[in-house]
Amino acid sequence: MEDGNREDMLSNLPDHILLTILDRLNVRDAARTCVLSRRWQQLPAMLSQIKIDVLDFLPEGTTACYQREIVRINGAAVEATKSIMSRRDPSRNTIHLLSMKFFLRDNDTISIGHAVGQIMATHKVEIAQFAILTEAHYSRRGDDDLVYYGRNFMLFFEACPGAFGGLTCLKLQDLRFGKSDICNVLLTCKQLKHLRMFNCDSGVWATLQVEHLQLSELEIVNCSFRKVVLISLPKLTQMAFHGWIAFQDPLSVGDVPLLETVDLTNVCLSSHKMVKLSEFLGGTSVRNLRLGFESEKIWVQPEHLTRQLASVFCQLTFVHMAEIPEGYDLSWSLFILEAAPNLKELYLTVWDHLCTMETDREKRRALSYSIRKGVRWESSASRFQHRRLETLVIFGFESEEYMLTHVRCVMEAAVNLKNVFLYNRLACKMCRDNPPPSSFPFAETKKLLVEKIITSGIDSAASIHFLAGKAIWASHVAKKNFP
């Protein structure tokens, strides 16, 4: 354009388009954008999505959170919250998303809670989320700190009933609750649909009882409850249970008629008893199941087909067995195939993830890690056939006999199998710097040889795909990382 006829074409767009652009930004970036002109300065008061994340206020490139930095960025999050809430356009009655992430720090949290409560009293908020961080998460702290943060959280909770009463999602970490605290939180948060607790408990060997009319997603991760009892959750559809501390009945499932997606992950030590899924998930009929082993001992007890096991697996369509330790017979996993007649997709990730494992021999011995991680199992069904399985995906495939045998067994049993996807070993950023030796068939001649070994003597129309490097299908990534 000529100098005398300049025009800000972006600012001349209709309000609803500009707001759609700003809705895709976090609050800090949206605020920076709104200094462009007077027109833009009015837009934050009209946003339908308000996302304030305390970590967005860290300097670019900063990953560590020290106390001085936490004080500063939490203060910035408080000021941003109060500013946006106080300038809210009252004619814009509906807020589609209100998402807040902040540190649990005395008056800071209460200021945020009061601001959010006032907005909830005057606006319709469709989705309201609190993700509450603690400094204990960024430093090594003991039980006393969990007690301290637990008390601080309850003071916050009791001071802001209006905010908590409208929450649909609550994410907590590093808290030790009193005996009835969690029950009181659930009673107040009547609209809650998603609850996540990380490293939380109610004291030594306490039992967590969960009852709620609206809760649809529940995550209990690395929490030190002796037992989790799901009393009545009529709308629960998805549950993740990671890191239970007792292997004797750690989970009791009551009234959960809609539960269809379950993610179970644990580190099994040598002294732990194995878990029977027919008992662990008794009373449910899940559709999607993830079993995580953290590269350690298999904690699932293979079972021969019984009426109870058949009831649990009768609607199962997808299974992912994740971070199975390398080098051990995989035939035990076939018991799921035998018990799940409607299974369509079977995923296995075989991976000794050395970056997250304890590798020091003395420490492993002291902590009772298992030397033998595998499990033996023999099928009681001769010439078993499965007619629904369509896809087998293995991450961490190696040209080793135990893997070749397993792929062959699945292809032989699954008479309508369409595709077998064999990926090489997974690697995080640290793994890539020091990759272990691999027997994955990278060369075309080796791929043909491995395929010939797998399919020799069996009648299968399934196509075998060898995929290496970063060529992971997007659909496989989504399935691997569910839920």
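Colleague: In this predicted model, which residue lies over the face of Phe318?
Modeller: A charge sits over a ring if NZ of Lys or CZ of Arg is within 6 Å of the ring centre and within 35 degrees of the ring normal. Here the distance from the ring centre is 4.8 Å. The residue over Phe318 is Lys479.

Colleague: How far from the ring centre of Phe395 is Lys480?
Modeller: Lys480 lies over the face of Phe395. Phe395 itself is buried, with a relative accessible area of 0%. The distance from Lys480 to the ring centre is 5.8 Å.

Colleague: How many aromatic pairs does the structure hold?
Modeller: Rings pair if their centres lie within 6.5 Å. On that basis, the number of aromatic pairs is 26.

Colleague: Are the planes of Tyr347 and Phe395 stacked, tilted or edge-to-face?
Modeller: The ring centres of Tyr347 and Phe395 are 6.4 Å apart. Planes under 30 degrees apart count as stacked and over 60 as edge-to-face. These planes meet at 45 degrees, so the pair is tilted.

Colleague: Which strands does the pair of Tyr347 and Phe395 tie together?
Modeller: The two residues are 48 apart in sequence. Phe395 lies in strand 15, residues 391-395. Tyr347 lies in residues 345-350, so the pair ties strand 15 to strand 14.

Colleague: Is Arg364 buried or exposed?
Modeller: Arg364 lies in helix 12. Its relative accessible area is 14%. Buried means under 20%, so Arg364 is buried.

Definitions and conventions: Residues are numbered from 1 along each chain as its sequence is written. This is a predicted model: local features need pLDDT of at least 70, side-chain atom pairs count only at pLDDT 80 or more; totals for chains, interfaces and linings use all residues. Side-chain values use heavy atoms; hydrogens and water are left out. Helices (H or I, at least four residues) and strands (E, at least two) are DSSP runs, numbered from the N terminus. Buried means under 20% relative accessible area, exposed over 50%, partly exposed in between (1.4 Å probe, protein chains only). Rings of Phe, Tyr and Trp (its six-membered ring) pair if their centres lie within 6.5 Å; planes under 30 degrees apart count as stacked, over 60 as edge-to-face and the rest as tilted.
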